[in-house]
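Me: I have a structure to go through with you. Can we take it step by step?

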Amino acid sequence: MAAPKKAESGQVAPASKGRSKKKAVNESELLTVPDGWKEPAFTREDNPKGLLEESSFATLFPKYREAYLKECWPLVQKALNEHHVNATLDLIEGSITVTTTKKTFDPYMIVRARDLIKLLARSVPFEQAVRVLQDDTACDIIKIGSLVSNRERFIKRRQRLIGPKGSTLKALELLTNCYIMVQGNTVSALGPFNGLKEVRKVVLDTMKNIHPIYNIKTLMIKRELSKDPELRTQSWERFLPQFKHKNLNKRKEPKKKSVKKEYTPFPPPQPENQIDKELASGEYFLKESQKKRKRMEELKAKQAESFRRRQEERNKAFIPPKEKLVVKPKKASTETKIDIEAIKEKVKKAKKKKLGALPVEEVKLKIAADEKKKKKKK
């Protein structure tokens, strides 16, 4: 048989074209999920013979959860008995145990029962925790206690995740369709798989000092983009915001600025030694006895100055403080003299005065008198 001819450069064999098209079609079909599609439920027909071995899981719970578990325990047993799983509550030891039975047909149900008792032990209410037994719901318990070394810083970041009056946590729950419970050193999340992935990312970023509002903004944009069927197969990097990390504690400018000196080709002047200083002051030419006398005088002057300062400091305690001048209040005169004659004159003048406008004749006389006065002045 003759060997098949090789395809020339720049040409593609017809068989390879068909294969590449089939591959492309298969990949696009895998990426798109039909709307309203749901995984078929696991029934007894899928596993008619049941399980070969008995499996069990146990978990401890804190003392303060004892009262609540006592109240809701009948509901827990009822929910697990529907799936043929036994549950026992040991109040003395403080533990919950779940075990499979001969009637249990779903092998994964024991894992879900284990998640249920873990959530109950971590302060998740029964109404939410029982949802983990459904096929489309899972749980994730994130341990955050060891992520931050400083206790005060850890409490602040945990409170930042909750937000004022739980607003940040509520926004995260709405965007991820998950129930989130922050308790002690753990964060318990319950919901769909995609939502749990986002919740874990936000919680870990918050513990790394990245504010949750940045991740919430990104989730809001992703939620809007997912509604467009054309953008499902495209990259969303161009739409998502890019937040830069800012460290505000670091100084933008140095505290001590070093100013560069101007460049000069000449070397700096040589520093003066002791002999040069003595030559400049004239002390070099003095005799040894004169030098000694001069040093003693300087020493005595220094001692006298320091003695004077010490005396002033000691005498400060004996100097009396300046007293404020006390101004005596003037006594009000008790005797009040009334001038009766002056009052009588005022009353007479008031009686002579006429109320209302002046008559026309008096007005004319006043005007004539004023004119005469003006002429005399001129």
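Me: Which residue just after α7 takes a positive phi?
Reply: Asn-209 does, at about 70 degrees. Keep in mind that this is a predicted model.

Me: Where is Asn-209 found?
Reply: Asn-209 lies in the loop between α7 and α8. Asn-209 is not a glycine, yet its phi is positive.

Me: How accessible is Asn-209?
Reply: Asn-209 has 37% relative accessibility. Exposed needs over 50% and buried needs under 20%, so Asn-209 counts as partly exposed.

Me: Is Lys-165 buried or exposed?
Reply: Exposed. The relative accessible area of Lys-165 is 90%.

Me: Back to α7. How many residues does α7 have?
Reply: Helix α7 has 15 residues, 193-207. From first C-alpha to last, α7 reaches 22 Å. That is close to the 21 Å expected at 1.5 Å a residue.

Me: Which residues of α7 are buried?
Reply: Among them are Gly-195, Leu-196, Val-199, Val-202 and Val-203.

Me: What covers the buried residues of α7?
Reply: The cover includes the strands β4 (138-143), β5 (179-183) and β6 (186-191). It also includes the helices α5 (151-162), α6 (167-176) and α8 (212-226).

Me: At what angle do α7 and α8 pack?
Reply: At about 155 degrees, with their axes 9 Å apart. An angle over 145 degrees counts as roughly antiparallel, so α7 is roughly antiparallel to α8.

Me: Which residues make that contact?
Reply: From α7, Glu-198, Lys-201, Val-202, Asp-205 and Thr-206. From α8, Pro-212, Asn-215, Leu-219 and Lys-222. The crossing of α7 past α8 is right-handed.

Me: New topic. What is the order of the strands in the open sheet of three?
Reply: The order is β1-β3-β2, and the pairing is antiparallel. The twist averages 15 degrees from one strand to the next.

Me: Which helix packs on the sheet?
Reply: Helix α2, residues 66-81. Helix α2 touches β2 and β3. Its direction makes about 165 degrees with that of β2.

Me: How many bridges join β1 and β3?
Reply: Five, in the antiparallel sense. Strand β3 covers residues 95-100.

Me: What stands opposite Thr-59?
Reply: Ile-96, in β3.

Conventions. Residues are numbered from 1 along each chain as its sequence is written. This is a predicted model: local features need pLDDT of at least 70, side-chain atom pairs count only at pLDDT 80 or more; totals for chains, interfaces and linings use all residues. Side-chain values use heavy atoms; hydrogens and water are left out. Two strands pair if DSSP finds at least two bridges between them. Helices (H or I, at least four residues) and strands (E, at least two) are DSSP runs, numbered from the N terminus. Axes are lines fitted to C-alpha atoms, for helices over the stretch in contact, and angles run from 0 to 180 degrees between N-to-C directions. Contact means heavy atoms within 4.5 Å. The expected span of a helix is 1.5 Å times one less than its number of residues. Buried means under 20% relative accessible area, exposed over 50%, partly exposed in between (1.4 Å probe, protein chains only). Angles under 35 degrees count as roughly parallel, over 145 as roughly antiparallel, 65 to 115 as roughly perpendicular and the rest as oblique. A crossing is left-handed if the near helix is turned anticlockwise from the far one by less than a right angle, and right-handed if clockwise.
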